[in-house]
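Trainee: I would like to learn how to read a protein model. Please take me through it step by step.

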Amino acid sequence: MVEQLDDMHHLASAAVVVGVDGSDASERALDWAVALAAQRRRAVRIVHGLGLDRISQVCGRYDVWVPPVLDAARVRAETLVERCARRARDAAPEVRVDTEVSSEAPAALLRRLSGSAYLTVLGAAGTNGLRAHLGTTLLAVTAHGFGSIAVVRTNPDTDAVREDGPVVVGVDGSAVSEAALGAAFEEASQRGAELVAVHVWNDANFGEFAGDPYLLFLVPDIEVNEHAVLAERLAGWQEKYPDVTVTRSVAMSSPAGILRKWSESAQLVVVGSRGRGGFQGLLLGSTSNSLVQHANCPIMVVHPAK
């Protein structure tokens, strides 16, 4: 079992970090982050990266260092974060709100701060006008960040963030998914929500989850065995979180497709940053990557402790 409460992300001083850029998506992420921080009695740190390298591409390598250019960019950024800070304080006066404007690129800033954050929160799209699945900041932070990274996605029918339904977690038996399990139990406990543990197997990895090489003629028994091992994986966490009601789901299909379907009724889907079959150099697995881009509720991507 992965012990969560001893790591730096759970120190009393660890804040909920949220990146803002002035878009509607980042404001929804801010509201979601502030509500979570109020419920968990955490501080909120509202941040914006200026990305001077990006500015230099527009202004030229020399002009970016001209004080009026830098001053104008910084004034706009400081105005933005102060407006967001007022929004946060109006919504939750009891929450301590800090702000930071950095010369770093947004992805670099959020990655750095994620190393000590309780949770790092991003909106599903930004002011660059690109759809979420093209957002370089979004994918860079979820792939290369630390701890838990939340991407606040909305219900496409209502364009609102779902606040009810279960917490759903993808389980594949890897160390990465064990960290996701711990985060999911914590989230379900904090939210007073049911937890749905989903394990999806397919004919390309018979028995990998259970650790036994099944023969083809035993296919009818595979799902029974996968259920048994899933229950074993959950047992320790259920002892630690006896208040959480757990539903187990085992299916033979695409993990991303099954979890996307669950996202239509969940309030949060939790996944590991890289799946059981992922390569070490592939820092964001295909399932996590798909959900970050296409889910219908907030997604939490959990990176295991180094």
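Mentor: We will go through confidence, nonpolar cores and salt bridges in turn.

Mentor: This is a predicted model, in which local features need pLDDT of at least 70 and side-chain atom pairs count only at pLDDT 80 or more, while totals for chains, interfaces and linings use all residues. Residues are numbered from 1 along each chain as its sequence is written, and side-chain values use heavy atoms, with hydrogens and water left out.

Trainee: What is the mean pLDDT of the protein chain?

Mentor: pLDDT is the predictor's confidence in each residue, from 0 to 100. The mean for the protein chain is 83, and 78% of its residues reach 70 or more. Helices (H or I, at least four residues) and strands (E, at least two) are DSSP runs, numbered from the N terminus. Confidence is lowest in helix 2 (residues 52-59), with a mean of 62, and highest in strand 1 (residues 16-19), at 98.

Trainee: Where does pLDDT stay under 50?

Mentor: One such stretch is residues 206-211, for which the model has 21 contacts beyond four places in sequence; contact means heavy atoms within 4.5 Å. Residues 276-284 also have pLDDT below 50. Where pLDDT is low, the predicted coordinates should not be read in detail.

Trainee: Which residues touch the most other members of the largest nonpolar core?

Mentor: A nonpolar core is a set of buried Ala, Val, Leu, Ile, Met, Phe, Trp, Tyr and Cys residues joined through side-chain atoms within 4.5 Å. Buried means under 20% relative accessible area, exposed over 50%, partly exposed in between (1.4 Å probe, protein chains only). The largest core has 56 residues, and those touching the most other members are Trp32, Ile46, Val121, Val169, Phe185, Leu195 and Val270. Domain 1 (7-161) and domain 2 (162-269) both contribute residues, so this core lies between them; the domain bounds come from an automatic or database domain assignment.

Trainee: How many salt bridges does a search of the whole structure find?

Mentor: A salt bridge is a side-chain nitrogen of Lys or Arg within 4 Å of a carboxyl oxygen of Asp or Glu. The search finds 11. One of them joins Arg40 and Glu187 (2.8 Å, N to O). That pair links distant parts of the chain, with Arg40 in helix 1 (residues 24-40) and Glu187 in helix 6 (residues 175-191), 147 residues apart.

Trainee: Are Arg40 and Glu187 buried or exposed?

Mentor: Arg40 and Glu187 are both buried. In another salt bridge, Lys261 meets Glu264 (3.3 Å, N to O). Lys261 counts as exposed, at 55% relative accessibility, and Glu264 is partly exposed, at 42%.
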